[in-house]
Amino acid sequence: MKKFNFKKVLDGLTSSSAPPAKPETEITETLGSEHFQVSKTVRHGFPYQPTAMAYDPVQHILAIGCKSGSIRLFGRPGVDCHVMHDNDAAVLQLIFLVNEGALVSVCSDDSLHLWNLRQKRPAILHSLKYNRERITYCHLPFQSKWLYIGTERGNVHIANIESFVLSGYVINWNKAIELSQRTHPGPVVSLSDNPTDSTKLLIGFETGMIVQWDLKTKTAECRYACEQTLHSLAWHHEGKQFMCSHSDGSLSVWNYRSPSKPAQVFQPHGHPAQKGSKPEACRPIMKVAWPTSRTGDPFIVFSDGLPYERSGRRPCITVMQGKSVTVLEMEYPVVNFLPVSSTPWPNDFQDPYAIIVLLENDLVVIDLTTPGYPCFQNPYPMDLHESPVTCCTYYADCPPEMIPAFYTVGSRQQKKTGFSDKNWPVKGGEWGTSTCSYPEIIITGHADGSLKFWDASAVTLQLLYKLRTSKIFEKQPLNQSTEYEEDPFAIVKIAMCCESRILCVAGTSGHVIVYRYNKVETTVDVPTLEIALVYEVDDLDSPDTDQIPPPMPPPSSSVGSAGSGGMPSPSPHHSTSSEGAEKVGSPLLKVKSGPQKMVPGYQVDLCAQLVTVEGEPPSQILCLAINSLYGLMAFGNMQGLAIVDIIQKTTLLNLGTPDLYGSADPYTRTQPRSPQRKKPPAGLGDLGEAQAVEQERCRSPTTERDESNGVCLSPTGTTRKKLADIKRNRNQPRPRMSKAHSTASMEGNGGDDSDDMNNSLSMSWGSSVSRLFRTELIKAEAKFRRQRSSSTSSVGSQSPKAAPKCAGTDSHVASHKCPGRDSPKADSKDGSFSRSRSSSMSSLENVSAEGINCLSFTESYTRKTDPVTSPCLWVGTTLGSVLVIVLNLPPQGDQRLTQPVIVSPSGTILRLKGAILAMSFLDCNGMTIPPLFAKWEDPKKKEENREAKDGQSMQRRGWQQLQHLHRQKAPSSPTTETISDRQFVVICSEKQAKVISLPSQTCAYKLNITETSFVCKADVVSIANSVCLACFLANGHIMTFSLPSLRPLLDSDFLPLADMRIAQTFSFSNCGQALYLCTPSEIQRITLAADTCESLQEMLCELFLPVDTPEGPKQSFFKGLFSSPSIVDKEELFGEAASGKASRSVAKHIPGTGGIEGVKAEAGSAMAEVQKARMALVERGEKLSELEERTEALKVGSEMYASSAHQVMEKYKNKKWYQL
């Protein structure tokens, strides 16, 4: 019986509860909380779901209100401002206080707001909230301070625009209509004062009743009865006639003095009614404008009014002048339109020169001064949503030569024709006084397969270049791909190497396209690769999240070479079977055959496509990575991982995710559902039996489980279970190997070091597997187990502190149990955190598969015993595992074009809670290690720089040879104490973050980011000459942590995750910049840097500029002599003295943050500071006075002392010493 040792138990508990191990040398971290401040900077794109529009003809500023309560203000190109109401009420109407720097907004919650535009960040001065009535229409006459407010009940209220206080003057509906009328006139739909007499107010009701109200006498002067429903009113500038638009598509003109019947009624687009027949039914005319011209007939502009019978007609704007009728069809429904005039005076000739038309998804400005009425070319980035945005990538502080390069090729693209050659009419505002010191580029991917490159430097957005990825495919996708995806070309992932200008794009149909930048036009055939990447399981049981998997023995084979499809390690899971290989279909999209013309810019270098299996489409690509120096690209989905050599155009690795673990798979998985397994050919069952017998023979007694120290001492806890299953089921059919697309090759290299077992074999898959291959594989595994057993037996007799630790984890971080020692049910008790959703958005759902979610090429340490770094690929999965794949690259130059690239798993496994979102590498000083890259060179200059390039290749080859030499001279079994850590890897998942020291693979720092939510996006970014980990959580928080200590620096409740679109498009970048798609048509940029927030005020644009108001029309002498227009002081009519106060129950006044109170508070604080400074100055003066008095007293005392000393000297001057 084994003796119980209580001391060892206490030692084990002490070691398991110790804090995480710290790095040998402390890194000085310079970042603090004072370096961070979250702030929105600017919004780009078209206002989503617009509902209202207004224009200031003097300041030349355009305002657009949206359904979400936001307002966008536009001026000259580059002048763009965004403000938001406190609530989400839709904006119903916008009214400018012309040339006064103020704006009135009317919202659907029956509130009015006065905005101050004289500051760079507009703020609300006053608000007025109605309690009993609903607001339907408002009108503010030019240079008036009284606002007319129409309501749903038919009443008209009047408010002072300066104080936002209601007047006691109210026009009630029952006083406006005739006494004989028994029905309610309906809501107020239009209000307009007479251009020549401001005391006459025209009130239009929905039922067609129009009332001219005399404000002075408080009576209805005239009443006009329309037969049809009324929608809008428009005055002629002379004030003698007005025009109405109706619901039957007709227009009626009324004389001011003749209310009995209209002067004219006509349907612009309806045929005249024949005798005995009804007039043609037309759609309603929602708005009409009647601007006049000095040089010709007046314009009549209205929206819609087309006949119902003319099906298929688009929404339109009709411009009539005299006998000329021009119908301008619009692509989207019309929201509002405004004629643009050079004068704000309503009683003067307007002479319109443009019409601003707001559509549901576009902004169109029509030139009225050019024949044919062409449109102005919109200079704003409002075509961002031309095709729905599916992904975004943000590159701040990119190489400065990239923007000119993209602009050069973008300017060569075909320019749009048919636009007006005149300048854009909206030209108000002024740019900011400062800009960013670094260039910024935004790349947006769209549903139609296009990519747009934007210059986002400073606070502007300008289109540089557009790339269409669908051009290389045939128009009609094969295999009925439209049944799988509505947008087969939609972009899902973008990866770009800024230095080499290599671009990788992943589409929703399982295709990945590699582009190279070229300034000249070429004609080439598009190389293609077809990859069958399929792995499907019924279910799996994951171990506890904090449970570290058993040490993974290095795989006994290297996987992948030039032209191979990849090979899994011995495991009961396989990516495909022979039957599945036979059912492998074709890609969803077909690449055009033959040479294709490539215009200057990005040209296709390779197209890799995932194929269908058993009629099922490939799953969406989750991650994408590229390295220009290695010439490799990798991508992964929910089935597995693929690595492609973009230089030799071959597939290096093609494995299902479980096959990357080899025999150290921490999960209990079932056999794949699809493809189904068939009975293997004769002889394969015997081979399986021989393998089981050989493994059973090679098993050491020391591999039995030892539970005394709470640490699993066997190499893999599930090895014996798998062997038993093999023996028990050796007569059952076994899955066959997957069929590859290239010729098989196999090489065998022996090795004595167990850590170099993954370099012992270099194999490629073929259509079948020979017995020799299985025999060699069994021998290699048996040799590894014997070596591991001997080392384990020697360790078992040591103290608990000397027990071997699980790979990739420090024994001081937490206590763990090996999965091989516990039952699967015990392992999955707390599986809520480990079962991460495949979309990387939640780790609380159960999953049935494990996919690749994060990839990173780097030069790092792949094993604990590595003395030098080597090229490798770090792989993060959706279940929180991190694996490392070693890349054995041939020397640069001609050998790189001919020799194969060998890829093999290194045996390193780390685990975190939730899906892996980001991985980054730090050097020993805590700074980011940038990925290696190949500098882009102009093809014309390649020949000139060939010698320099050869020299670099020789240096690179010498470095690789030096690394190989170090590996050969490295000791066979070095300890972690003999090799100091020289690198850190920062890994962030949905739940936690870890900093791992390399090459020892110890956990230096660990942090649980959240328990109640999950991380949507994470990245390591540079800020203030240092680096930090930035995270965006689903609960709306933005958090930053210092590196490598993971000390919290910022936790801001910024934005709730109301839409998955935000999480899918959120992107961090360097210098503390970030962006996300706030609406389907708008991009919101934010900053995390405090220094950027401080300089943001200087970067923002000015909306209001001091401009003189144009002079009003001059009245002729005779007109003024014979007509006496009523000039009445509105203060006498609407003031408190004349009309009293309005009832408090009607509306409530709410002071704004930018109002007088705020100004008073700021002024009060400024006065307080001035008073403090004054008091300090007075105190300083008093102290100086005291000092002066003291100095004077000291001077007098010194003079008295000198005089006394002189007298004593004179007294004793002539006396001898003995006379004293």
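With which residue does aspartate 80 form a salt bridge, and how far apart are the closest N and O atoms?

Analyst: Aspartate 80 forms a salt bridge with arginine 72, and the closest N and O atoms of the two lie 2.7 Å apart. A salt bridge here is a side-chain nitrogen of Lys or Arg within 4 Å of a carboxyl oxygen of Asp or Glu. The model is predicted, so local features need pLDDT of at least 70 and side-chain atom pairs count only at pLDDT 80 or more, whereas totals for chains, interfaces and linings use all residues. Residues are numbered from 1 along each chain as its sequence is written, and side-chain values use heavy atoms, with hydrogens and water left out.

Aspartate 80 and arginine 72 are both buried; that term means under 20% relative accessible area, while exposed means over 50% and partly exposed lies in between (1.4 Å probe, protein chains only).

The structure holds 26 salt bridges. One of them joins aspartate 367 to lysine 422, with 4.0 Å between the closest N and O atoms. This pair links distant parts of the chain, 55 residues apart: aspartate 367 belongs to strand S28 (residues 363–367), and lysine 422 to the loop between helix H3 (402–412) and strand S30 (440–446). Helices (H or I, at least four residues) and strands (E, at least two) are DSSP runs numbered from the N terminus. Aspartate 367 is buried because its relative accessible area is 0%, whereas lysine 422, at 41%, is partly exposed.

Another bridge is formed by arginine 516 and aspartate 605, whose closest N and O atoms are 3.3 Å apart. Here too the pair links distant parts of the chain, with arginine 516 in strand S35 (residues 511–518) and aspartate 605 in strand S42 (residues 601–613), 89 residues apart. Arginine 516 has a relative accessible area of 32% and is therefore partly exposed; aspartate 605, at 16%, is buried. Salt bridges with shared partners also join Arg43, Arg72, Asp80 and Glu1082 into one network, which returns us to the pair of aspartate 80 and arginine 72.

Other charges gather in surface patches. For these, residues must have over 30% relative accessible area and no salt bridge; like charges are joined within 9 Å, and nonpolar side chains (Val, Leu, Ile, Met, Phe, Trp, Tyr) within 5 Å. Lys and Arg count as positive and Asp and Glu as negative, while His and the chain ends are not counted. The place of a charge is taken as NZ of Lys, CZ of Arg, CG of Asp or CD of Glu. A positive patch consists of Arg468, Lys471, Lys475 and Lys592. A negative patch is made up of Glu1179, Glu1182, Glu1186, Glu1188, Glu1189, Glu1192 and Glu1199. Of these, glutamate 1189 lies in helix H16 (residues 1156–1211) and is exposed, with a relative accessible area of 56%.

Lysine 200 is a charged residue in a buried position, with a relative accessible area of 8%. Its place is in strand S15 (residues 197–205). Setting aside residues up to four places away in sequence, lysine 200 touches Ser192, Asp193, Asn194, Gln212, Trp213, Asp214, Glu221 and Tyr256; contact means heavy atoms within 4.5 Å. The C-alpha atoms of lysine 200 and lysine 216 are 8.4 Å apart, although 16 residues separate the two in sequence.

As to the whole, the protein has 16 helices and 65 strands, and buried residues make up 54% of its 1220 residues. Of the contacts between residues at least 6 apart in sequence, 63% join residues at least 24 apart. The accessible surface comes to about 55600 Å², 51% of it belonging to carbon and sulfur atoms; such areas come from the Shrake-Rupley method with a 1.4 Å probe, and for residues only the protein chains shown count as cover.
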